[in-house]
Amino acid sequence: MGISERRGRDDDREERAEQADRADRADRADVVGARMRRFRKERGMTLRGLSTRSGLSIGFLSQVERGISSIGLTALNGVAAALDRSVADFFEDDAPEGEGSKVARLPFHFTLTRAEAAATEYVSGQQTYRMLSSRGPHLVLEPLLVRIAPGGRREDAYEHAGEEFAFVLEGELLCEVEGVEHRLYAGDSVHLRSTVPHSMYNDTDRVTTVVSVVTPRLY
């Protein structure tokens with residue numbers, strides 16, 4: 001087998017893996033919109049009512065429910081609060097834990113997360129959120145590793161309580177704060193009060209990877 005043929009097969013495998021990953025993200029993202037619609041209807045709430053309580057536009061919420069647009073985890077946190085739900089309720093259920101999976105509870109003032117531990121991940125549209133810290137009863141920071149795939153729809157700018165910090169590990173991030181766009185590259189960071197309108201978007205053809213820390217904790 002020649003070098004060019006091996007490279008061609010490697011490229012084919014990578015393309016198939018990327019296609020499978022995109023399909024998996026799409027399937028998992030559809031869950032968010034479907035559950036948002038179901039939870040809203042269970043509470044007898046209109047899109048207008050949800051818009052008023054969450055601070056997100058009616059059009060955007062409608063697009064999320066229909067699977068046309070994705071929603072970031074911090075914005076989803078506002079929707080969850082408006083519907084009296086947790087963020088975790090919008091994603092597929094985890095398998096129930098057995099008795100053997102329980103571990104000793106750590107002190108309330110810290111948590112310890114090992115590299116080999118199975119991290120919790122949430123997918124919403126083009127964004128995959130990996131939780132970098134276990135839950136702690138008196139801890140307020142939410143550290144995340146966020147992978148933003150290309151090709152998604154841009155979210156509306158929104159505001160919510162708390163602060164946000166984002167450090168770009170790889171790729172580019174288009175950050176809008178109070179109507180002004182800022183392009184961040186690997187090594188750049190942004191830190192803001194979340195009460196100002198803001199949004200973050202990947203408008204390139206490559207995956208962007210960001211370490212993000214937000215307050216308050218999302219669930």
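A residue counts as exposed when its relative accessible area is over 50%, and as buried when that value is under 20%. Keep those two cut-offs in mind as we walk through this structure, which is a predicted model.

Let's start with Asp84, which sits in the loop between helix 4 and strand 1. Its relative accessible area is 61%, so Asp84 is exposed. Its backbone also stands out: phi of Asp84 is near 55°, a positive value in a residue other than glycine.

You'll find Glu178 in the loop between strand 5 and strand 6, and with 56% relative accessibility it counts as exposed. Glu178 isn't a glycine, yet its phi is positive, at about 50°.

**The overall plan**

Now zoom out. The protein chain has four helices and nine strands, and along the sequence they run α-α-α-α-β-β-β-β-β-β-β-β-β. Of its 219 residues, 36% count as buried. The chain exposes about 12,800 Å², with carbon and sulfur atoms supplying 49% of that. Take the contacts between residues at least 6 apart in sequence: 66% of them join residues at least 24 apart.

**The strands**

Strands of a sheet pair through backbone hydrogen bonds, either parallel or antiparallel. Here, six strands make an open sheet in the order 1-2-3-9-4-7, with antiparallel pairing.

| Strand pair | Bridges | A facing residue pair |
|---|---|---|
| Strand 1 and strand 2 (residues 127-131) | four | Tyr122 and Tyr129 |
| Strand 5 (residues 172-177) and strand 6 (residues 180-185) | six | Glu176 and Glu181 |

Strand 5 and strand 6 form a hairpin with two residues between them, and our friend Glu178 is in that turn.

In soluble globular proteins, nonpolar side chains tend to be buried together. The largest nonpolar core in this model has 38 residues, and Met36, Ile71, Leu73, Leu76, Val79 and Phe90 touch the most other members. Helix 4 (residues 73-82) gives the largest share of this core, six residues.

Ile71 is a handy place to look around. Leaving aside neighbours within four places in sequence, the contacts of Ile71 include Val32, Met36, Leu56, Phe60 and Val64, and also Ser124, Tyr129 and Glu155.

**Strand 9 and what follows**

Thr208 belongs to strand 9 (residues 208-214). Is Thr208 buried or exposed? Its relative accessible area is 0%, so Thr208 is buried. Setting aside neighbours within four places in sequence, Thr208 is in contact with residues including Val146, Arg147, Ile148, Val168 and Leu173. The side chains of Thr208 and Asn202 are joined by a polar contact of 3.4 Å.

One last thing to spot: Pro216 lies in the segment after strand 9. The peptide bond joining Thr215 and Pro216 is cis, with omega about -5°.

Note on methods
Residues are numbered from 1 along each chain as its sequence is written. This is a predicted model: local features need pLDDT of at least 70, side-chain atom pairs count only at pLDDT 80 or more; totals for chains, interfaces and linings use all residues. Side-chain values use heavy atoms; hydrogens and water are left out. Two strands pair if DSSP finds at least two bridges between them. A nonpolar core is a set of buried Ala, Val, Leu, Ile, Met, Phe, Trp, Tyr and Cys residues joined through side-chain atoms within 4.5 Å. Buried means under 20% relative accessible area, exposed over 50%, partly exposed in between (1.4 Å probe, protein chains only). Contact means heavy atoms within 4.5 Å. Accessible areas come from the Shrake-Rupley method with a 1.4 Å probe; for residues, only the protein chains shown count as cover. A polar contact is a pair of N or O atoms within 3.5 Å; within protein, one must be able to donate a hydrogen and the other to accept it, and residues adjacent in sequence count only if both atoms are side-chain atoms.
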